[in-house]
Amino acid sequence: MRLLILSSLVLISFHAFAQQPGMVNNWNLPKNIALAGYDAVAYHRDQKAVKGDPRIIAIHKGVKWLFRSEDNKAVFLKNPSVYEPAYGGWCAYAMGATGEKVEVDPATFSLINGRLYLFYNKYFNNTLKSWNKDPKNLQRKADMNWQKIIQSTKN
């Protein structure tokens, strides 16, 4: 019986691991951590970017997520999809304007209808300002471009 249970766990683990590369290939994961280590729940609860504690970790879809508190981690684990950033954490403006994966500044963000959008903000180029000039059109284009990226990695 133990051997059967152990074999089942190994197969489940292998299946879960096999699903991870697609996620890792599509998401922006500096240092293999979602949101560059910022707390996904804090964006929503506090309306600001807060660094997570490297001792408070959750693994979701094969990706490491950090949280500032055990409470935020528990909230995330109840419904992780609510806290996943749009476009895999890549710059929303670039995804809409050119369909490219561009790095972000995790502290430059917008919450739109409960969804986290991140933006590039370096060298006097804050793409959140550009996004805000035409958000509906850019969001529509970004959604289409992101679907193309997801589909291309499935094939």
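Which residues do ring pairs link into a cluster with Trp27? I looked this up in a predicted model. The cluster joins Trp27 to Trp65, Phe67, Phe76 and Tyr83 through ring pairs.

Entry on the ring pairs. I searched the whole structure and found nine aromatic pairs. I took Trp27 and Trp65 to begin with. Their ring centres lie 5.5 Å apart with the planes at 90 degrees, so I noted the pair as edge-to-face. I then checked where the two residues sit. Trp27 is in the loop between helix H1 (2–26) and helix H2 (40–46), while Trp65 belongs to strand E2 (residues 63–67). They are 38 residues apart, and the pair thus links distant parts of the chain. I recorded both Trp27 and Trp65 as buried.

I went on to Phe67 and Phe76. This aromatic pair is tilted, at 5.1 Å centre to centre and 50 degrees between the planes. Phe67 has a relative accessible area of 0%, so I listed Phe67 as buried. Phe76 counts as buried because its relative accessibility is 0%.

Entry on the core. I counted 38 residues in the largest nonpolar core. The members that touch the most others are Leu35, Trp65, Phe76, Tyr87, Tyr117, Trp131 and Trp146. Helix H6 (residues 135–154) supplies the largest share of this core, with five residues.

Entry on Trp131. What does Trp131 contact, once neighbours within four places in sequence are left aside? I found Ala92, Tyr93, Ile112, Tyr117, Phe119, Leu138 and Gln139.

Conventions
Residues numbered from 1 in each chain as written. Predicted model: local features only at pLDDT ≥ 70, side-chain atom pairs only at ≥ 80, totals over all residues. Heavy atoms only, no water. Core = buried A, V, L, I, M, F, W, Y, C linked by side-chain atoms within 4.5 Å. Buried < 20%, exposed > 50% of the residue type's maximum accessible area, 1.4 Å probe, protein only. Helix = DSSP H or I, 4+ residues; strand = E, 2+ residues; numbered from the N terminus. Contact = heavy atoms within 4.5 Å. Phe/Tyr/Trp six-rings, centres within 6.5 Å; stacked < 30°, edge-to-face > 60°.
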